[in-house]
Amino acid sequence: MAYSTAQFLVKKHPLQRIHSPSRGFSFVVHLLGLSSFIWSFKYMHENPNHANEAYGWHFQYLTVIGLSLSTLTFAIGLLADMTLSARLFLLKNLLSICSAPLEVLISILYWGLRIIDERLVVPDWAVIPLDADLSFHAVPSIVLLIDLLLLSPPWTISILPALGLSSTIAFGYWFWIERCFSYNGWYPYPIFEQLPFAGRIGLFALSAAVMALSTGTLRWLYGRVNGYGTQSKAQSRPGAIYQNGIL
């Protein structure tokens, strides 16, 4: 049993910088990230506002949708570290293809719009202290970036599937908030109130493009940090943990 575990830990994708799943650094990263995500949900529960009673609850917010997906990603990653399960590791990496670019998109949109005018993303009735603001809008993208660059094999998703995925998320969210608006009479982000119908379509189309671009940028960044591997065409799936070619 000990020998097979040791053999498992030795084998990983040649471009993956640090062993994962593992009960060492990988476990610590996933545990700390998951703890931050849970704290964010705890903060929402302990500091209610009128979104708590609204149709869609806080899931009207793209931030909370992204946080939920990140929580699932890191929970599975932590279970993979505890059990050294290759299947759970594969599932974590597949979820990361969606959650990491989404969190990068959320951070770009939120902080970018907030620099322009805080009232575009923060309603007048909302008070967000700095620790909660960072927990919601910065920490998820940071820890998912650490997970990607240090604890994951390279992504093999190309630009067209990435654009299809991001478009599905962007316009799925658009339909969702329009449904919530039909019940609540208000949008989760003030910028939606200020834009006409065509403007909202343009915003979601732009968001889909930015998310697809962030996927490509994360792939490029991975290569810059970890290298590009062999000259042969990559054969591994995103969750592969075994070596692919010889360095």
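Let's start at Phe192, which lies in helix α8, residues 190–194. Keep in mind that this is a predicted model. Phe192 is buried, with a relative accessible area of 4%. What does Phe192 touch, beyond residues up to four places away in sequence? The list is Tyr173, Ile177, Tyr187, Arg200, Leu203 and Phe204. Look also at Val121, 71 residues from Phe192 along the chain. The C-alpha atoms of Phe192 and Val121 are separated by 9.1 Å.

Next, the cysteines. Cys98 is buried, at 17% relative accessible area. Cys180 is buried too, at 0%. How many disulfides does a search of the whole structure find? The count is 0.

Now the largest pocket. Its volume is about 420 Å³. It is lined by 20 residues, and the closest to its centre are Asn49, His58, Ala126, Ile128 and Phe136. Which helices each supply at least two residues of the lining? They are α2 (25–46), α3 (62–83) and α5 (130–137). Helix α5 gives the most, with 3 residues. By type, the lining has 15 nonpolar residues, 5 polar and no charged.

On to the salt bridges. The structure holds 6 of them. I'll take some in turn.

Glu46 and Lys42 meet through their side chains, at 2.7 Å from N to O. Both sit in helix α2, and because they are 4 residues apart there, about one helical turn separates them. Glu46 is partly exposed, at 47% relative accessibility. Lys42 is partly exposed as well, at 42%.

Asp147 pairs with Lys92 in another salt bridge, and their closest N and O atoms are 3.1 Å apart. Asp147 is in helix α6 (residues 139–151) and Lys92 in helix α4 (residues 86–116), so this pair ties together parts 55 residues apart in sequence. Are these two buried or exposed? Both Asp147 and Lys92 are buried.

One more pair: Arg114 and Asp133. Their side chains form a salt bridge at 2.6 Å, N to O. Arg114 is in helix α4 and Asp133 in helix α5, 19 residues apart, and the pair links distant parts of the chain. Arg114 is partly exposed, with a relative accessible area of 21%. Asp133 counts as buried, because its relative accessibility is 2%.

Definitions and conventions:
Residues numbered from 1 in each chain as written. Predicted model: local features only at pLDDT ≥ 70, side-chain atom pairs only at ≥ 80, totals over all residues. Heavy atoms only, no water. Buried < 20%, exposed > 50% of the residue type's maximum accessible area, 1.4 Å probe, protein only. Contact = heavy atoms within 4.5 Å. Disulfide = S-S within 2.5 Å. 1 Å grid on protein atoms, 1.4 Å probe; cavity = no way out; pocket = protein on both sides within 12 Å on 5 of 7 lines; lining within 4 Å. Points joined across faces, edges and corners; volume = space filled by probe spheres on them. Nonpolar A, V, L, I, M, F, W, Y, C, P; charged D, E, K, R; others polar. Salt bridge = Lys/Arg side-chain N within 4 Å of Asp/Glu carboxyl O.
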